[in-house]
Amino acid sequence: MGFDGAVLLPELISGDDCMERETILLGLVRELFADVAKHADARYGYVLTVEASLNEYLIRLRDVAAADASIESGGTGLNRYEAQLKRQGGYLRTQCEDVESGLHWWSLEARVPRNVGNRARVHW
């Protein structure tokens, strides 16, 4: 994407998730990479983490928004994922924090509920 970042993923995720959950999980991560490429300030890094437990995935992203980025709310893609997750008992929250230096720290946390024990797995 043209700038430094860190992506932290669990090495082993036990159990099988339903295809719908995995589609949401993979699609959301792709959407986040697209948003970082489009809206983040390339002078600063980003951190994307995916945590897996038996009941949920927690996805967190933190970056510095570019000066010309629209950061007031999520875009169409994030709004779509927010609605899907809400219907399934999860959530997607974003926050922008202005600091004295004039930087706009942008963060996201999303909870994707798991359906352990169902159908085939998508491999990353």
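Author: The protein chain has 2 helices and 5 strands. Helices (H or I, at least four residues) and strands (E, at least two) are DSSP runs, numbered from the N terminus. Along the sequence, the pattern reads β-α-β-β-α-β-β. This is a predicted model: local features need pLDDT of at least 70, side-chain atom pairs count only at pLDDT 80 or more, and totals for chains, interfaces and linings use all residues. Residues are numbered from 1 along each chain as its sequence is written, and side-chain values use heavy atoms, with hydrogens and water left out.

Reader: What makes Phe33 and Tyr46 an aromatic pair, and of which kind?

Author: Two values decide. A pair of aromatic rings is described by the distance of the centres and the angle of the planes. Rings of Phe, Tyr and Trp (its six-membered ring) pair if their centres lie within 6.5 Å; planes under 30 degrees apart count as stacked, over 60 as edge-to-face and the rest as tilted. The count comes to 1 aromatic pair by this rule. For Phe33 and Tyr46, the centres are 6.5 Å apart and the planes make 85°, so the pair is edge-to-face. Phe33 sits in helix H1 (residues 19-39) and Tyr46 in strand S2 (residues 46-52), 13 residues apart.

Reader: Which residues of H1 are buried, and what covers them?

Author: Among them are Ile24, Leu25, Leu28 and Val36. The cover includes S2, S3, helix H2 (76-87), strand S4 (91-98) and S5.

Reader: What makes S2 and S3 paired strands?

Author: Two strands pair if DSSP finds at least two bridges between them. S2 and strand S3 (residues 56-64) have 6 bridges, so they pair, in the antiparallel sense. Leu48 stands opposite Leu61 in S3, and Ala52 has Tyr57 as its bridge partner. With 3 residues between them, S2 and S3 form a hairpin.

Reader: How many bridges join S3 to S5?

Author: There are 9, and S3 and strand S5 (residues 104-113) run antiparallel. Asp63 stands opposite Trp106 in S5.

Reader: Which residues does Glu56 contact?

Author: Contact means heavy atoms within 4.5 Å. Glu56 lies in strand S3. Leaving aside neighbours within four places in sequence, Glu56 is in contact with Glu51, Arg111, Val112, Pro113 and Arg114. The C-alpha atoms of Glu56 and Val112 are separated by 5.5 Å, though the residues are 56 apart along the chain. At 22%, Glu56 is partly exposed.

Reader: What makes the link between the side chains of Glu56 and Arg111 a polar contact?

Author: A polar contact is a pair of N or O atoms within 3.5 Å; within protein, one must be able to donate a hydrogen and the other to accept it, and residues adjacent in sequence count only if both atoms are side-chain atoms. The contact joining the side chains of Glu56 and Arg111 is 2.5 Å, so the distance falls within the 3.5 Å limit.

Terms used: Buried means under 20% relative accessible area, exposed over 50%, partly exposed in between (1.4 Å probe, protein chains only).
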